[in-house]
Amino acid sequence: MGMSVTISAAEAQDAEHILKLQYLCYQREAEIYQDWSIEPLTQSLDALRAELAEGKGFVARLGDEIVASVRGRLDEDGTVRIAKLIVHPRLQRHGLGGRLLDAIESHFAGEPAPAAKRFQLFTGHRSEGNLRLYRSKGYEQVATREIGPRLTLVTLEKAA
């Protein structure tokens, strides 16, 4: 009998585990775009800790192991910027990404004023699995920005 995955708020002591998982998960993105200098692969532990302190993070645990994570921050204009949704490669396509999106959206939708007006995230134009997940959760493309010859960032959002 297998263990169930639990979703909970990320704690400060989770930062190192999240960073290691982030490094593992973004290898595929780096390979797709042939760019190993992307920010998730170069982010420092201190920078990740700052993101957690300034916003909110959630993790998915399988037993004691962190197997997925997401972070978000509410801006002064009411936009929740969701970032670095990651799921361990061996557990992808089992609904964890969607569960984490639900958790972070629910957290910020329940925040006291200023309330979230919209949720926004971005991904690369060739990250088909990410785009498919975000669209299935109601996100629509609102912008694109060419970062370089191999990468165009796609910004998606939905109303809160």
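This tour moves through the structure one selection at a time, from the sheet to the helices and a single histidine.

The model is predicted: local features need pLDDT of at least 70, side-chain atom pairs count only at pLDDT 80 or more, and totals for chains, interfaces and linings use all residues. Residues are numbered from 1 along each chain as its sequence is written, and side-chain values use heavy atoms, with hydrogens and water left out.

**The sheet.** Begin by selecting the strands (DSSP runs of E, at least two residues, numbered from the N terminus). Seven strands form an open, mixed sheet in the order β1-β2-β3-β4-β5-β7-β6. Two strands count as paired if DSSP finds at least two bridges between them. Strands of a sheet pair through backbone hydrogen bonds, either parallel or antiparallel.

**The edges.** Next, select residues 5–9 (β1) and 140–146 (β6). Each has a single partner strand, so one side of each is left without a neighbour in the sheet.

**The β2 strand.** Select residues 56–62. Six of the seven residues of β2 are buried (under 20% relative accessible area, with a 1.4 Å probe and protein chains only), so β2 is largely enclosed by the rest of the structure. On one pairing, β1 and β2 run antiparallel and are joined by five bridges; A9 has F58 as its partner in β2. On another, seven bridges link β2 to β3 in the antiparallel sense, with K56 partnered by G72 in β3. The turn of this hairpin has two residues between the strands, and G63 there has a positive phi of about 65°.

**The parallel pair.** Select β4 (residues 79–87) and β5 (residues 118–124), which run parallel and share three bridges. T79 is paired with R118 of β5.

**The helices.** Helices are DSSP runs of H or I with at least four residues. Select α1 (residues 15–33), which lies across β2, β3, β4 and β5 and runs at about 85° to β4. Such angles run from 0 to 180 degrees between N-to-C directions, the axes being lines fitted to C-alpha atoms, for helices over the stretch in contact. Then select α4 (residues 96–109), which packs on the sheet. Its buried residues include L100, L101, I104 and F108.

**A final stop.** Select H88, in the loop between β4 and α4. At 15% relative accessibility, H88 counts as buried. Leaving aside neighbours within four places in sequence, H88 is in contact (heavy atoms within 4.5 Å) with L21, L24, C25, E65 and V67.

Methods. Buried < 20%, exposed > 50% of the residue type's maximum accessible area, 1.4 Å probe, protein only.
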